Amino acid sequence: MPTQITALDVVKSYDGRTVLDSVTCSFASGERTGIVGENGSGKSTLLRLLAGRERPDQGEIVVHAEGGVGYLAQDERLPPYLTVRQVVDRALGELRAIEARMRHLEAAMAGGDESGLAEYGDLLTVFELRGGYDADARLEQALHGLGLDGVRRDRLAGGLSGGEQVRLRLASLLAAAPEVLLLDEPTNHLDDSALTWLEDYLRTRRGTTVAVSHDRTFLERVATSLLEVDADSRQVVRYGNGYSGYLAEKAASRVRQAQAHARWQDDVARFRESAATVARRVAPNRAMKDNNKVAYDRDAGRVQQSVASRVRNAEERLRRLLAEPVPPPPKPLRFAPVLRAAPLRGAVLDAVDVTVAGRLDPVSLTVSAGERVLISGLNGAGKSTLLRILAGDLAADGGQVVRRGRIGCLAQDPVFDRPDETLVAAFARGRPGPAAEQAERLLSLGLFERDRAAVRVGALSTGQRQRLALARLVSEQVDVLLLDEPTNHLSLALVEELESALADYDGALVVVSHDRLLRRRWTGTHFTLHTGTRVG
């Protein structure tokens, strides 16, 4: 397939902070690529560069797309004075302008003026390539599939909810059918039926699709390749064969790193042994022949020179190996085991009729020791509020909560109130032991490279702050884990590792999550919050 979009040695910075550093990547015609990485890594920045909404500080973006490029921004707001019909007309404006020009040229040619024949042919090619004749039918299909078919066309955009605005922008973009689709988190604000419709549509459409997404199910179903943006190196890595290929390559990379470390250890041991024993293996104490002491001493000198040379060579090789150690792969993420003289039994959390005015209707929930509870519900139902009440971080307006055991909580957006503190200092705060010991403890988790230890917390991206919060949590002994959207912000490989760690955790676990794959794999209790309804 021919290359359609290329980024060549692209550099992009904001306020002195480099987000993308010498990034080179390409996207082939007809490819469906998911751009992945933790929050703040530069995924949206890369997409804006590809869409031409921003320019790189260095490098070049090259796009070849006769059928046009369509871009869905993640947080764009529609002008509130536009009606739904006007929003659609604006999205289809280019197609309708092409059609109007074609009608004009057709009338001219019918009158004998054939000077516009070549232009007409070019316009017809583009119009057909973008499915211009089917645009209105495609619009109705998209509005229906995304749950907007009941919205009146004369309704003002300012009266639509944020989710409805996102779906209207997406439906309009799909109706316009550009050859290249650049989508930033297109699954946000979609319910399950709309998600399924969108995935089916993207799988069958002609053209190139590049989508930034953290939705693993979407990536499983849609992406033929993945491009991961690394927040630490500010580079990109391509993975083939979709999401399954991404996970397989991550596992293979860990195996290769383990093998390289083992080879390094073997080489170190071999050269240490060589430097220590080579002189003995040369056998300097052999017997003198013919009582020729001069020859014996001369040969002995040569032997000693040879021994010294070989020892020096072995020591030099050893020095080089030790100067460039090959680290082992980080151990799989695991939560600290719950250690107690006697295990907890019975309820560890018991909330009765807890409520917060305007945020949480009365709700009751009991969690037993070792129980696993997944809390779900629509946005605004009060899931995060309930979790903060259970953790003791928020006082309820009414009701009561009884807690037993040690509680650890991972907030949806962790806050560190000392931005000038280093990564290691923030990890170690309030913990016993010397700083060097805490630094090694943090780095042993594999969540940060050694060269990041002195970075200020204020300079960390959202995903890096989430990793820091996770590092503190997994290294504490707690009886109850409360996790609010734990798969947000993290890289997909770390999300998979986190899920595996949670499966092995033997304490009580309460999770709030919209993650479809996590919900599909969940083996514990399901607890749904309904606005305005008491759920027990």
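In helix H5, the residues Arg 138, Gln 141, Ala 142 and Gly 145 meet Ser 193, Ala 194, Trp 197 and Tyr 201 of helix H7, where contact means heavy atoms within 4.5 Å and helices are DSSP runs (H or I, at least four residues) numbered from the N terminus. The residues of this contact divide into four nonpolar, three polar and one charged, counting Ala, Trp and Tyr as nonpolar, Arg as charged, and the others, Gly among them, as polar. This is a predicted model, in which local features need pLDDT of at least 70 and side-chain atom pairs count only at pLDDT 80 or more, while totals for chains, interfaces and linings use all residues. Residues are numbered from 1 along each chain as its sequence is written, and side-chain values use heavy atoms, with hydrogens and water left out.

**Helix packing**
- The axes of H5 (residues 135-145) and H7 (residues 192-204) come within 9 Å and cross at roughly 145°, the axes being lines fitted to C-alpha atoms over the stretch in contact, with angles running from 0 to 180 degrees between N-to-C directions.

**Burial**
- Helix H11 (residues 383-391) is mostly covered, since seven of its nine residues are buried, which means under 20% relative accessible area, with exposed over 50% and partly exposed in between (1.4 Å probe, protein chains only).
- Just after H11, Gly 392 takes a positive phi of about 85°.
- Gln 466, which lies in helix H14 (residues 462-474), counts as buried because its relative accessibility is 0%.

**Cysteines**
- The count comes to zero disulfides, a disulfide being a pair of cysteine sulfur atoms within 2.5 Å.
- Cys 25 counts as buried at 7% relative accessibility, whereas Cys 409 counts as partly exposed at 33%.

Methods. Helices (H or I, at least four residues) and strands (E, at least two) are DSSP runs, numbered from the N terminus.
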